[in-house]
Amino acid sequence: MVRVLQSTSGNDWNMIQDTKYPIILFFNEPERAGISPEQARDIWYKQMLPLRKSKGKKLGSPAVASDENGRKWIEKFMSLVASEPPDFLCLHYYSKNPDEAIKYIQDMHNKWPKQKVMVTEIACIDRDYNAVVAFTVKICNWLDTQEWVFEYGLFDFQRKVADDFVSPAAQLMDGAGNFTELGKMYVNQQPIKAPGKTDVAVNALNVPDNNSIETKTGGGVAQDPGAAIFEDPEVSVNINEDFIAAAALDPDQQQALNIHNEKRKSKGVGPLAWDNQLAKYAEDYAKHLVQTGKLEHSTGDQRPNQGENLAGASDSKDTPMVMATEMWIGEEKNYHGEPIGQGDFGSYGHYTQCVWKSTTKIGLGWAKDAKGGVYVVGRYSPPGNFTGQKPY
């Protein structure tokens, strides 16, 4: 993130230019830091746009406060860069009323509908905990249903309250560095369910019901996994169990996860945890495959730090994820312990990703085309299949 003016020079700027991350965000509440829209425009054209044009980075807009000064600032900035606009519209919002938050975010999207929205800060400022929970449940569940929302983040995970404006009741982390009750709800549930509610929480992954796929016999063809080879591994990750815990899985998801973990256990590697965000990415890409009608891997910048398995079938029973997983695991017969890149990688690469020793998280998604064909996508983090290495 080019957070402040200091970030545009010296070591900060050198680090930003050299980063491997695919998205770079621009200024944080520049109207409060004395940065004019014209000054931001000049830096945008001189320094930010080259990152997109020469290095393929996606760029987020400055994120302003939601008051009148912030709105005027971003409107001016967006008009000044209209010929080369940001890829994402970044927003902040704090209030006590979730309906006001929804209206603000929707209104901002309506002004610039071509940019997907990143809500980089949002929280309830009410001091009453129940009001904070109600706000959080409503706004998060609404954001999860908007296709034009790329991502969002509640404020905030830190041990101390940032300032007098931020509500202590909205803290996601306590003084000892553990998740608060609200923090656990946020990272573990989708949709979020307020404590004490009797309704059953389900995954908001748009997973069709078990009758949505016709039960016909149809052969499956796994996609050539060649594009899933990684040359430059950086597999160092700290896993917090609370982060990767997921809401209750449907039978197809659970059985596909079980098949992965049974095979991993037999190879002496640790189990995978289901990750709802990876599953959403997988489902979104499966829908893309339906549109193109081709089993083609996504590009690396579309799935940073994620491995990918693909499978397709002319039809499926009511467990497409299990079908795909069994296809991928079935490639074990073609793997004879060689380092990745040797032998017939195309015949075993899905299997080695499934059992890769440093992979810890998985999410699967699928989509069905008009003719009944099924596309299944698996996303894995951290990725596997590094050239010259073995999976276990």
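User: Where is the place of P30?

Analyst: In this predicted model, P30 sits in the loop between strand 1 and helix 2 (37-55).

User: Is P30 buried or exposed?

Analyst: Burial is read from relative accessibility, with under 20% counting as buried. P30 has 0% relative accessibility and therefore counts as buried.

User: Which residues does P30 touch, not counting residues up to four places away in sequence?

Analyst: They are I35, P62, A63, V64 and W73. Distance in space is a separate reading: P30 and V4 are 26 residues apart in sequence, and their C-alpha atoms are 7.6 Å apart.

User: Let us take a residue in a helix. Where is A282 found?

Analyst: A282 belongs to helix 9 (residues 276-292). Its relative accessible area is 0%, so A282 is buried. Once neighbours within four places in sequence are set aside, the contacts of A282 are G363, L364, G365, V377 and R379.

User: How should I read a whole helix? What does helix 5 (residues 129-144) reach from its first C-alpha to its last?

Analyst: The span is set against the value expected at 1.5 Å a residue. Helix 5 has 16 residues and reaches 22 Å, close to the 22 Å expected.

User: Which residues of helix 5 are buried?

Analyst: The buried residues of helix 5 are V132, V133, F135, T136, V137, I139, C140, W142 and L143. They pack against strand 3, helix 4 (98-111), strand 4, strand 5 and helix 6 (181-188).

User: Why does T136 count as buried?

Analyst: The cut-off is under 20% relative accessible area; T136 is buried because its value is 4%. T136 lies in helix 5 and touches L154, L182 and I192, leaving out residues up to four places away in sequence.

User: Which element gives the most to the lining of the second largest pocket?

Analyst: Strand 4 does, with four residues. By residue type, the lining divides into 14 nonpolar, seven polar and four charged.

User: What can be said of the chain as a whole?

Analyst: The chain has eleven helices and ten strands. Of its 392 residues, 49% count as buried. Among contacts with a separation of 6 or more, 73% are between residues 24 or more positions apart.

User: Last, confidence. What pLDDT does the chain average?

Analyst: The average is 86, and 86% of the residues score at least 70. Over residues 197-247, however, the pLDDT is below 50, and this stretch has 121 contacts in the model beyond near neighbours in sequence. Where pLDDT is low, the predicted coordinates should not be read in detail.

Definitions and conventions: Residues are numbered from 1 along each chain as its sequence is written. This is a predicted model: local features need pLDDT of at least 70, side-chain atom pairs count only at pLDDT 80 or more; totals for chains, interfaces and linings use all residues. Side-chain values use heavy atoms; hydrogens and water are left out. Helices (H or I, at least four residues) and strands (E, at least two) are DSSP runs, numbered from the N terminus. Ala, Val, Leu, Ile, Met, Phe, Trp, Tyr, Cys and Pro count as nonpolar, Asp, Glu, Lys and Arg as charged, and the others, Gly among them, as polar. pLDDT is the predictor's confidence in each residue, from 0 to 100. Contact means heavy atoms within 4.5 Å. The expected span of a helix is 1.5 Å times one less than its number of residues. Buried means under 20% relative accessible area, exposed over 50%, partly exposed in between (1.4 Å probe, protein chains only).
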